[in-house]
Amino acid sequence: MGSDVNGLHHVGHVVRDMAQAMERYRLLGFTVSAPAYPVLPDPAGGSDDLFGVANAHVHFPGNFLELVTVLGENVPSGTRPMVLDVPWDKRARLAAAIRAAAADIRSFLQRFQGVHIVMADTPDIDRVASRLTAEGIGHGGVHAVQRPVDTRAGTRMEPARYLELSGVPEGRLGFAQNAPVRDQRVDHPNGAVGLVGCVLCVADPALSEVTRRYRACFGEARAGVDVVAESALADLLPGESPAALPAFACYAVAVRDLAATERLLRGNGVPATRTGPEEVLVPSSAALGVSIAFRQGR
């Protein structure tokens with residue numbers, strides 16, 4: 001078990017204001033792609049149907065961060081349309097799926113602004129689906145999508161496949177698979193080189209069961225997710241207290257030069273605390289509902 005998991009594929013930070021989130025992430029030293037939103041063109045020539053969510057990405061060589069917000073009456077400034085070219089007979093089903101995803105994001109924001117999406121990377125998602133089914137772990141099946149990827153030649157759409165687990169109280173949890181993009185633009189002023197973990201905080205009585213669930217789904221390494229009890233969170237993340245439980249309280253990124261990252265954060269007015277010789281922590285109050293651990297890469 002677990003040989004079909006390669007760590008984290010991406011985490012999704014659900015935010016209320018995309019412009020504010022992008023500015024905050026730039027202060028944190030990340031390069032953020034222009035946000036995009038789905039469009040289903042009207043074949044009769046009417047106006048495009050505007051709905052769903054808008055997202056922006058922070059790309060690394062092997063995984064990424066995603067900023068997600070629900071579309072209101074107006075599209076956030078600088079957001080580009082992502083035209084979904086689908087047959088007419090599949091349009092209604094796709095539109096329903098996108099609206100359902102937007103409803104999920106709204107429900108997440110009602111709980112709190114922060115990380116609600118965690119996907120593990122897999123080299124064989126069909127094998128994962130078969131394993132989960134055999135073990136009686138509920139999921140929604142494998143779906144194929146196109147995702148925007150920023151490359152040095154511009155943005156292009158790349159195929160990806162994903163699977164979501166059913167009935168997960170902490171948000172959207174699952175697996176994703178896509179081919180590596182060799183010419184991807186991944187430079188960040190803070191020197192970040194990849195997602196290396198996240199922390200899920202749960203009520204103390206739930207710790208044993210949630211840990212068992214993550215081990216059953218993702219193997220002993222749990223895809224880099226550390227499950228901790230609320231009573232132990234202060235020792236791991238000083239000063240942090242989630243708005244609700246369960247909650248992804250923190251995610252961690254590796255950086256090339258931690259001292260340089262710390263100087264950049266402080267130079268941009270971002271509060272940063274040394275929690276050890278190889279980690280600097282930005283509190284959730286400065287990162288829109290989730291703390292961020294910057295760790296010295298190997």
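Helices (H or I, at least four residues) and strands (E, at least two) are DSSP runs, numbered from the N terminus. The structure is a predicted model, in which local features need pLDDT of at least 70 and side-chain atom pairs count only at pLDDT 80 or more, while totals for chains, interfaces and linings use all residues. Residues are numbered from 1 along each chain as its sequence is written, and side-chain values use heavy atoms, with hydrogens and water left out.

The 12 residues of α4 should span 16 Å at 1.5 Å a residue, and the end C-alpha atoms are 16 Å apart, which agrees; the expected span is 1.5 Å times one less than the number of residues. Just after α4, Gly219 adopts a positive phi of about 90°. Relative accessible area under 20% is termed buried, over 50% exposed, and in between partly exposed (1.4 Å probe, protein chains only). On this scale the buried residues of α4 are Val210, Thr211, Arg213, Tyr214, Ala216, Cys217 and Phe218.

**Aromatic pairs**

Rings of Phe, Tyr and Trp (its six-membered ring) pair if their centres lie within 6.5 Å; planes under 30 degrees apart count as stacked, over 60 as edge-to-face and the rest as tilted. There are five aromatic pairs in the structure. In one of them, the ring centres of Phe175 and Phe218 are 4.9 Å apart with planes at 40°, so the pair is tilted. This pair links distant parts of the chain, with Phe175 in strand β10 (residues 172-177) and Phe218 in helix α4 (residues 207-218), 43 residues apart. Both Phe175 and Phe218 are buried. Tyr214 and Phe218 also pair, with centres 5.7 Å apart and planes at 50°, so this pair is tilted. Tyr214 and Phe218 both belong to helix α4, four residues apart, about one turn of the helix.

Elsewhere, Tyr25, Phe30, Phe60 and Phe294 make up one aromatic cluster. A nonpolar core is a set of buried Ala, Val, Leu, Ile, Met, Phe, Trp, Tyr and Cys residues joined through side-chain atoms within 4.5 Å. The largest such core has 58 residues, of which Tyr25, Phe30, Leu165, Phe175 and Tyr251 touch the most other members.

**Salt bridges**

A salt bridge is a side-chain nitrogen of Lys or Arg within 4 Å of a carboxyl oxygen of Asp or Glu.

| Pair | Closest N and O atoms |
|---|---|
| Arg131 and Asp4 | 2.8 Å |
| Arg213 and Glu170 | 3.1 Å |
| Glu220 and Arg215 | 3.2 Å |

Arg131 is buried, at a relative accessible area of 12%, and Asp4 is buried at 2%. Glu170, also buried, has a relative accessibility of 2%. By contrast, Glu220 is exposed at 60%, and Arg215 is partly exposed at 30%. Shared partners join Asp4, Arg131 and Glu135 into one salt-bridge network.

**Backbone features**

Most residues other than glycine have a negative phi, and most peptide bonds are trans. Ala223, in the loop between α4 and β12 (225-229), has a positive phi near 60° and is buried, with a relative accessible area of 7%. Leu288, in the loop between β15 (279-282) and β16 (291-296), has a positive phi near 55° and is buried at 8%. The peptide bond from Leu245 to Pro246 is cis, with omega near -5°; Pro246 is in the loop between α5 (233-236) and β13 (247-255).
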